[in-house]
Amino acid sequence: MILRPQLQDVKVIGHYSGIMMFGLGLLMLIPLVVAVCFGEIDAALDFVIGASACLIFGYLMVLFCVTRKELTWSHGMVVVSLSWLLAMFFGAIPLYLSSHWGSYLDACFDAMSGFATTGLALVQDLDHLSLAHNMWRHLTMYIGGQGIMIVALTFLLRGAESALPIYIGEAREEKVLPNVVQTARFIWLVSFVYLAMGTLALFFTMFSAGMPAAKSFFHGLWVAMAAWDTGGFTPQSQSILYYHNFRFELITIGLMLLGSLNFSLHYTLWAGRRKEIFRNIEAISFFISVVVLFGLTAFGLVAGGIYPGVENLFRKGFYQVISAHTGTGYMTIQPHQFAQHWSPLSLMGVTLAMAIGAGACSTAGGIKVLRIGMIFRTLMQDIKRTMLPRSAVVVDKIHHIRDLVLSEKQIRQAALITLAYILLYLIGTLVGIGWGYPLKLALFESVSAGANVGLSCGITDPTMPAALKVTYIFQMWAGRLEFVSVFALLGTIFAAIRGK
Amino acid sequence: MLRNIFIACLFLSAFCLSVQAATVSSVDLREDSPKYDGQTITFQGEVIGDIIVSGEFVWINVKDQTGAVGVFCPKELVEGIEYKGEYRFSGDIISVKGVFHERCPQHGGDTDIHAQKITLIEKGEQIEHPLNPQKIKASIILPSIVFVLAIIHLIVRKFRKP
């Protein structure tokens, strides 16, 4: 029998969702300050309205949803998935008010793309967008990459272990430190350190190339934010191609790779156990996958004579593969070139890299190399079992921070999530084909949305059908949260309708 | 007869020259790029962003209605550019004559134009961002509601049983 949620359950969900939107409203004060400092008064009004809407919602929820009931696992999951949708609706308000988005749906698309660190964009005339709105776009990536809930866990929620369901619900299976709030704070520490390093490196690169100091700083900050968080937004319409700078590209490769590492691995490396990177199943799987998929992509490009020369192959082939594999979506080519110039083999290499993704408990999306590594390891062990005597005992062991014996449950979970991702990719592909796009392009764009990558072959455009925009929004949302909390929300809605 | 052949040749060479330096849009460059690859073209659009220095040369990005292209040229050619498009300014509209590269071997495979001549078509200007009266109203009313709710919240918290 399905139990209908009680009023107290609704109040718990409402209370925490209100706190989350309160936090989002406070974050909008950052672009508001930028707008005021740089005399962008029109843009400042957009953020006054956006922040006020968030704070009103937050206050109303906190005032009306008073409850003493504790947050349970299912509440936490629902709070997470609901808060991400609310963040999209509220985060889109200042974007829409700027008149750079054709409709509120387009603004919602970009807001979800930002929070989910995807990078697909429907913004129009990006090159004339205000500093404040650009700051907000990149901030959504920075918040979303760490996790909207991590922000709340760090600054707004006082209870430590009671917040665990919220932390887990945001697709973070591992606690880096025993305490979930300490884990959230460590994630912020790592993020701030790499953001500062990335910003400085990019600032000096562009400042030395003649860009004014203030602009070099903002471009450095924004690109570092989106590269570390494997997001993919840029302040100019040509993505990384705008900068025409090899050193700039190399720095973004470094940031993308750092952002794609598991936070547990970061912690281990920071603790001085540097050999872990050579033993960790995730790091090894990622390395092998990059080598194989770049090999595939490069073979297609070289065979077609697309980018002759090592430098060209590196700056176009390798860059796109790393951008895809880390789930960033930065591009050093124009979107139509994927469709026009790249061979099906090269396109397949990039599509697979997007589908697989990078580290679990990182800012990257996709299936994750840890799951691929676990499934592959199990497959190898099963083959080994068939060749050994029946009495032989084969233990499925992996090394991830420490030696772990793989249980049936873990393998089943990894396989189920992998299957869910494949289905998610297929849904977007079918909708794309339904609207008349060729299979290879529909698959490419769908995987890019579902795996939160942001590479585009040209389908994502303000003129694309509304149904496809909604499909990609759903894919970005479900893909970022890795399904469990999305299923929890859908289950709660079903229970509210059909339960007793 | 010879005169007629001479006139025909003259027309033909004029036609060839016009094709060689045809004014093309970013849509043409996107959809028919092999045709223009390695050819001298003329591209017209707004200068956006900044002038990026690369040794003795510079990069500028020029955008027409639907897309932007990187333009590589000696520093002297961009001396006349005053306005670069951003939030506050519409950039100078320029006409760039140069060799188009679909995948430039000199610049890591970038799509670019190696400019030979840049002509200023129209000066850019400051963009006015007039304040929308509806936005001003909302920016007064909504924060006022927040203020009232904040006070109510404080009062409720004070009188709520622990």
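Guide: Let us begin with a term: a residue is called buried when its relative accessible area is under 20%. The model discussed here is a predicted one.

Visitor: How many of the 15 residues of strand β2 of chain B are buried?

Guide: Strand β2 of chain B spans residues 40-54. The strand is mostly covered, and by the cut-off of under 20% its buried residues number 12 of 15.

Visitor: Which strand of chain B does β2(B) join through 7 bridges?

Guide: β2(B) pairs with β1(B), residues 23-24, in the parallel sense over 2 bridges, and there B:Thr23 has B:Thr42 as its bridge partner. With β3(B), residues 57-63, the pairing is antiparallel over 6 bridges. The strand joined to β2(B) by 7 bridges runs antiparallel to it and covers residues 93-101: β6(B).

Visitor: Which residue of β6(B) is the bridge partner of B:Phe43?

Guide: The antiparallel pairing of β2(B) with β6(B) contains this bridge. On the β6(B) side, the partner of B:Phe43 is B:Val96.

Visitor: What phi does B:Gly55 have in the turn between β2(B) and β3(B)?

Guide: The two strands pair in the antiparallel sense, with B:Val47 bridged to B:Val62 of β3(B). They form a hairpin with 2 residues between them. B:Gly55 lies in that turn, and its phi is positive, about 65°.

Visitor: What percentage of the residues of chain B count as buried?

Guide: Chain B holds 4 helices and 8 strands, which follow one another as α-β-α-α-β-β-β-β-β-β-β-α. Among its contacts between residues at least 6 apart in sequence, 52% join residues at least 24 apart. Of the 162 residues of chain B, the share that counts as buried is 39%.

Visitor: Turning to chain A, is A:Thr297 buried or exposed?

Guide: A:Thr297 lies in helix α14 of chain A, residues 281-303. Beyond four places away in sequence, A:Thr297 touches A:Val321, A:Trp342, A:Ser346, A:Gly349 and A:Val350. Because its relative accessibility is 0%, A:Thr297 counts as buried.

Visitor: What separation is found between the C-alpha atoms of A:Thr297 and A:Leu347?

Guide: These two residues of chain A stand 50 residues apart along the chain.

Visitor: How much area do chain A and chain B bury between them?

Guide: The interface brings 51 residues of chain A into contact with 51 residues of chain B. On the chain A side, A:Tyr59, A:His128 and A:His244 lose the most area to chain B, together 16% of what that side buries. Carbon and sulfur atoms carry 57% of the buried area, whose total is about 4100 Å².

Visitor: Which element of chain A gives the most residues to the side that touches chain B?

Guide: Across this interface there are 20 residue pairs in polar contact. Elements of chain A that each supply at least two residues to its side are α3 (41-64), α15 (310-325) and α16 (335-340). That side divides into 24 nonpolar, 17 polar and 10 charged residues. The element that gives the most, with 14 residues, is α3(A).

Visitor: Which residue of chain A meets B:Lys135 in a salt bridge?

Guide: The interface of chain A and chain B holds 6 salt bridges. In one of these, the side chain of B:Lys135 meets its partner at 2.7 Å, N to O, and that partner is A:Asp46.

Terms used: Residues are numbered from 1 along each chain as its sequence is written. Chains are lettered from A and ligands numbered from 1 in the order in which they are written. This is a predicted model: local features need pLDDT of at least 70, side-chain atom pairs count only at pLDDT 80 or more; totals for chains, interfaces and linings use all residues. Side-chain values use heavy atoms; hydrogens and water are left out. Contact means heavy atoms within 4.5 Å. Buried area is the accessible area (1.4 Å probe) that two parts lose on being put together, summed over both. A salt bridge is a side-chain nitrogen of Lys or Arg within 4 Å of a carboxyl oxygen of Asp or Glu. A polar contact is a pair of N or O atoms within 3.5 Å; within protein, one must be able to donate a hydrogen and the other to accept it, and residues adjacent in sequence count only if both atoms are side-chain atoms. Ala, Val, Leu, Ile, Met, Phe, Trp, Tyr, Cys and Pro count as nonpolar, Asp, Glu, Lys and Arg as charged, and the others, Gly among them, as polar. Buried means under 20% relative accessible area, exposed over 50%, partly exposed in between (1.4 Å probe, protein chains only). Two strands pair if DSSP finds at least two bridges between them.
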